[in-house]
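The model is shown first.

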Amino acid sequence: MTRIPTKQEVLDWISANPTLTSKRDIAKAFGIKGADRIDLKRILKELEAEGHLEKRKRSYRDPDRLPPVSVLQVKAPSADGDLFARPLEWHGEGVEPIVLIIARASDPALGEGDRILARLTVVHEEDHNYEARLIRRIGTNPRKIVGIFRKGAEGGRIVPIDKAGSTEWLVAEGAALGARDGELVEAEQAGPKNRMGLPRARIVERLGDPTAPKAVSLIAIHQHGIPDDFPDKVIAEADKAKPVGLKGREDLRDMPLLTIDPSDARDHDDACYAHADDDPKNPGGHVIWVAIADVAAYVRPDTALDREARKRGNSSYFPDRVVPMLPDRLSGDLCSLHEGVPRACIAVRMQIDADGNKIGHRFVRGLMRSAASLYYAEVQEAIDGTPNDRTGPLLESVLKPLYAAYAALKKARADRQPLELDLPERKIVLNDKGEVESVAFRDRLDAHRLIEEFMILANVAAAETLIAKRSPLLFRVHEEPAPEKLESLRETAQAAGLNLAKGQVLQTRHLNALLNAAAGTEDAELINLSTLRSMAQAYYSPENFGHFGLALRNYAHFTSPIRRYADLIVHRALISAHGWGKDGLTEDEIARLEETATHISDTERRSMMAERDTTDRYLAAYLSERVGNEFTGRISGIARFGAFVKMDETGADGLVPVRSLGREFFHFDREAGTLMGSDSGLIIAIGQRVTVRLTEATPVTGGLELELLSIDDQALPRGRGPAKRSTRRKAASTKRKKDKIKRKVERKRRQR
């Protein structure tokens, strides 16, 4: 039997190895395997209960601090030349710490993207929480640059296209790949960085005209490193795939399952059907079927297809294109539930009572045939009394039973009270040339909500089944808000004359009460945005910490395996748990579930950032012809260098630079989220209604620059122009000296 370490030995290990603190790391260090892990788990829980450790996801460490030795990723230099870093071991509990790198003369030059091992010191400065001193550089990711090539006499330069305005790169004549002046290119760093002069790069791909409308999403794809070409081996595997037959599957082809999607849907991976329950023990109840494309039948573990899908993590969607997780042969064909075509699926039959509570479910591996591929709008129109040729024949037999089951699920949702944010989603509409035609609000129909509720119920059923069968899986986790973010939300609510009570275990119903109180008032959008900002970011984990936003204890993603690798893992787990075949979850996959969870959580965030940047660029292009126009909006963010404004008409975010606010110095208060004028006392804060003038729109970067005209209907005091940098520094220095004198006087007063 393996010797179990003492509590002190565990604490000594964590102190000596702050970067290897997961339960798996500790077990490996002490050679603990099999059933002995239960004893280790007990020891860790006891240490946690005694306050010696704090559990964050699957890692244990001292409460409320980063480890004294941490892995950091270097960010781009700030406008003042300071070098900050992102702590890779921070797991999102509260606001991410800000780490300033303190460089010594002997340290090598560090650049954006470098990963370093550093020793951290806690500080209490205005603009950072930790100071880091380099121990060693542990490697760099290949540095990719996407920018505009400017041809010169001996090669040229690359001007980056990101909004941060990072440095230019020199390109030698032999490293230009024949690029033309003004062409969009992708390059990589060439050789080590020099302490003096511009860094060097070599062009690896020419991307064409940067002003072409359809280059917008291409810029984001390359800038964020999203793989958009499938290797030949992956395509070859996909092309060899054949349709799956009925053998070993339940025949669902006569069931009138429907796909209901947006009119521009690229794939159809879920179908549903419902009918009244004929079980006399369930009066007024319903049976709901949800069938999902059986991607696992085609994408087997550790194949080229699987490795590429895991690498991508998810599909990325842009207004003009999609970068799919799987090749089109699968995503658009064999794994897409097309109307009238037999398709392999994994389906769940769910029984709900008259109040929408799930009282039973079972999973089957089947073969289905979609009765119709419908759009949200036409389904809703049919229910509202205007069916068309496609929906008319299905209205009584299929569509109305779906809505009857949804009506029951709405009762259960009202009792559960998931978070009910009211933030209309804007949609960019492009014309045939790829130019922005309009910016519209996305419709929110009952047809959308019906599908959402059915999918949520199926995801819950998947999680519950795998928990009951003691199968490893990936949960979709959404933890409760951090205390400091809640306090910030509480202050915002109080400023609006509303209340979020203290001294209680926070539930979504408490937040919904706040949102309902704000509904219909001028502060409704502010309270919704502030509530959204207070939320933790959802992620994937092999451990179950529940889903706060949905008010659910057990939740896993099961319904979109075409576009999310997490769902494919859940499908494989269901296959293994039911003994349906040899294409289930492997031991190797189980061993690296935590690694997979971290990776696909990162790829999800990568896609979100790329999609957001693309939207910014399209909006900047759309607004570039309206420079000089005035817009209304609301302050949506505050930074040392200015205020961000979300404009009402388009939802675009623009920057009011602090330099444009007059000659006085503006003090930045990070905690309060304000800028305050040193002379006028003018306070600029999140949530204020403003009128702005658009002064600059840069489509290539997505940047919008604004001039502030009024705050809360009060005209802005006009100065005599922006202050010089030296003047602002002098004002800041004077203020610091005054504050120091005040503190000294206060200390003497207390001593007396």
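The points below take up the basis of the values, a helix contact and the salt bridges.

1. This is a predicted model, in which local features need pLDDT of at least 70, side-chain atom pairs count only at pLDDT 80 or more, and totals for chains, interfaces and linings use all residues. Residues are numbered from 1 along each chain as its sequence is written, and side-chain values use heavy atoms, without hydrogens and water.

2. Helix α5 (residues 232-240) packs with helix α6 (residues 304-312) at an angle of about 120°, their axes being 8 Å apart. Helices here are DSSP runs (H or I, at least four residues), and strands are E runs of at least two. In the contact (heavy atoms within 4.5 Å), Lys233, Val234, Glu237 and Ala238 of α5 meet Ala304, Leu305, Arg307 and Glu308 of α6. These residues divide into four nonpolar, no polar and four charged.

3. The structure holds 42 salt bridges, each a side-chain nitrogen of Lys or Arg within 4 Å of a carboxyl oxygen of Asp or Glu. Arg343 and Asp333 form one of them (3.1 Å, N to O). Arg343 lies in strand β19 (residues 342-352) and Asp333 in helix α7 (residues 328-334), so the pair ties together parts 10 residues apart in sequence. Arg343 is buried at 7% relative accessible area, whereas Asp333 is partly exposed at 25% (buried is under 20%, exposed over 50%, partly exposed in between; 1.4 Å probe, protein chains only).

4. Within helix α9 (residues 395-416), Glu396 and Lys400 lie four residues apart, about one turn of the helix. Their salt bridge has its closest N and O atoms 2.8 Å apart. Glu396 is exposed at 54%, and Lys400 is partly exposed at 39%.

Note on methods:
Axes are lines fitted to C-alpha atoms, for helices over the stretch in contact, and angles run from 0 to 180 degrees between N-to-C directions. Ala, Val, Leu, Ile, Met, Phe, Trp, Tyr, Cys and Pro count as nonpolar, Asp, Glu, Lys and Arg as charged, and the others, Gly among them, as polar.
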